[in-house]
Amino acid sequence: MAPPLSFRVPEHSFLSRCSFKFCFSTLLLSVSLSHLLSEHVYVNAQIPPPSLNVTFPAQPGASALVNVVQDNFLGVSFELSSFDTLWGETPTTIPDAMKNYMSNLRQRHPSPLRIRIGGNSMDGSTWVPTQTQMIVLTDPNAYYNDVPVNFGPTFFDVLNSMADTVGEMAFIIGLSMRDPDDDTNVIELAAAADQMLGDRLDSMLLGNEPDLYAGNERPQSYSIADYIPEVDKVLDDLENSATGNLIPNTVIGGPTICCAWDLDDVLSGGLLQYPYKYYTLQHYPTYICDGPTPSNTNISYFLSHTNVPEYAQWQSTGIEMAQNASVPVLMTEYNSVSCGGSNVSDTFAATLWAVDAALNFASTGLSAAYLHTREYQVLYNLFDPPTPSTSTESGWHTGSPYYSALFLSETFIPGGSIVVDINLDNSIYDPASTVAGYAIYNANGTSCERLVLINYGLTGQLRNFTLPQNVTSSIGFRILVAPSVEEKTNISWAGQTIGQNGDLEGTQTTGWTDCADGCAVEVPGPGAALILFGDYANATGFFVGNSTIAGLTGYAPPSGTSGAEDDGRGVWWRVVGVVVLASLQWVV
């Protein structure tokens, strides 16, 4: 494998001294750096928008200090019914591609990778402790959004084997509330999860979307007033099971509402009285359950930051109540378009939106968010095997949202982050703005250590973001980029793309420039930049190395570590923009 690649813009170079407009107008020949790093060339034939000054407070406001998120903020959510087609049917047949997909995320932060397995399918499925197969479909004619299965102990064996292979994971599983009067199977599943997962069991979520039970599993009149006594019964049964108290520690989460109820109403209705580890939500900005509409096929919605706060802060009152009760709130399932995705869901527009949405979750009180993936060929999937029955082979397809997960897995600070939406270019309020920006502070809020800048602009519409002087001595930056917002496969993060075995291909690169007197970062349109300040970039910064751990010939231990190279430099940059070759110093 080629060594990681870095470059540095000297402090007194022509590029660092001239303004963007001046550089642009005086250059007779512009060179796209991406031409140097890959076979792709992007041409900026448009007049660039004006440079944007990036300003942010030296410290976050008092209201932001209450929500410190961890480096593993971003997790992955799986539907139970298709889980074996992705993770394999036994511990010895876990696909190499899935090992790589998971390792790519896991190796980018020190904390365990968050994994949730649940959904409607788990709420309607049955634990069979004597079953030798991992998963058995029980209704071939089931509604595609609610596929019940029987599952056995091999399910937990596979979870543990994956964590043993790629690094520690924190698992969330669902406990059914479909029939609380007969919860024997739920109690047995909880006992098995506790025994087989041990410390890897992060939480058990009681019920899935109970706000949609009315008219389905319950009478049309079903309400929160009916729901709370059912929760009370199942909790009592878990505490007084035949094998003893199954929840002596706080491990239960819920209510996992999505649509018809508000969290504050559920908490006020009685849920606050119970010792919950997490309050949980799941939410999509739109749905396609009844077919395509102008709303769920509108790519422009996903290209405006103005739409993101309204979506992300959907349950703000309940989140505030949860904070007052010191209970973290998780978004255990999110993606672009529910019920399987639309024509927008597999595009680069959805990639950038998922990054924006996750950061807005983090800035407004949530403690974690899980990108959801489902059965084969669902449009918003993070990844798909060649076919559901050939997952152990190469030829996997990487969905555009996986690149969001890759970006976000490297975004947050080990030890804790405070995230603030800096309203770049008035993007919270101005629908015409095509950018978004976030400042990321350390856990005690004493200093800003990172920025995320998003450019939703048209193909080739470079945005020049100017950082003020006296903020940091230097910056390191990596860029997420694609040729257009409609692009589905030609996407790269840190100069790398995902191959057909979940492996990272290409040379990992990082850009560096001095910034004591201020500096500019050029972000291609469309694209996003992760910027680390000064020493933070070296000490706790970019992942350096190869997180691909498995090939068709077998498993190899992880070779990557999180930290700096020997020369103190990070690792990448594949940027589309105007670059003066004489201004670059290459560090290999």
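Student: What is the volume of the largest pocket?
Tutor: About 770 Å³. That volume is the space filled by probe spheres set on grid points, which are joined across faces, edges and corners.

Before we go on: this is a predicted model, where local features need pLDDT of at least 70, side-chain atom pairs count only at pLDDT 80 or more, and totals for chains, interfaces and linings use all residues. Residues are numbered from 1 along each chain as its sequence is written, and side-chain values use heavy atoms, with hydrogens and water left out.

Student: What makes something a pocket, and which residues are closest to the centre of this one?
Tutor: On a 1 Å grid over the protein atoms alone, a pocket is an open set of points with protein on both sides within 12 Å along at least five of seven lines, and lining residues have an atom within 4 Å of a point. Here 30 residues line the largest pocket, and the closest to its centre are Asn120, Glu209, Leu212, Cys289 and Cys339.

Student: Why is Thr373 called buried?
Tutor: Buried means under 20% relative accessible area (exposed is over 50%, partly exposed in between, with a 1.4 Å probe and protein chains only). Thr373 has 0%, so it counts as buried.

Student: What makes β28 an enclosed strand?
Tutor: Strands are DSSP runs of E, at least two residues long, and helices are runs of H or I with at least four, numbered from the N terminus. In β28 (residues 527-533), 7 of the 7 residues are buried, so the strand is largely enclosed by the rest of the structure. Both of its faces are covered: Ile531 is one of the buried residues on one side, and Leu532 is one of those on the other.

Student: How do you know that β20 pairs with β28?
Tutor: Two strands pair if DSSP finds at least two bridges between them. β20 (residues 448-455) has 6 bridges to β28, running antiparallel, with Arg450 opposite Leu532. β22 (residues 474-481) is antiparallel to β28 too, with 7 bridges, and Phe477 stands opposite Ile531.

Conventions: On a 1 Å grid over the protein atoms alone, a cavity is a set of points where a 1.4 Å probe fits but cannot get out, and a pocket is an open set with protein on both sides within 12 Å along at least five of seven lines; lining residues have an atom within 4 Å of a point.
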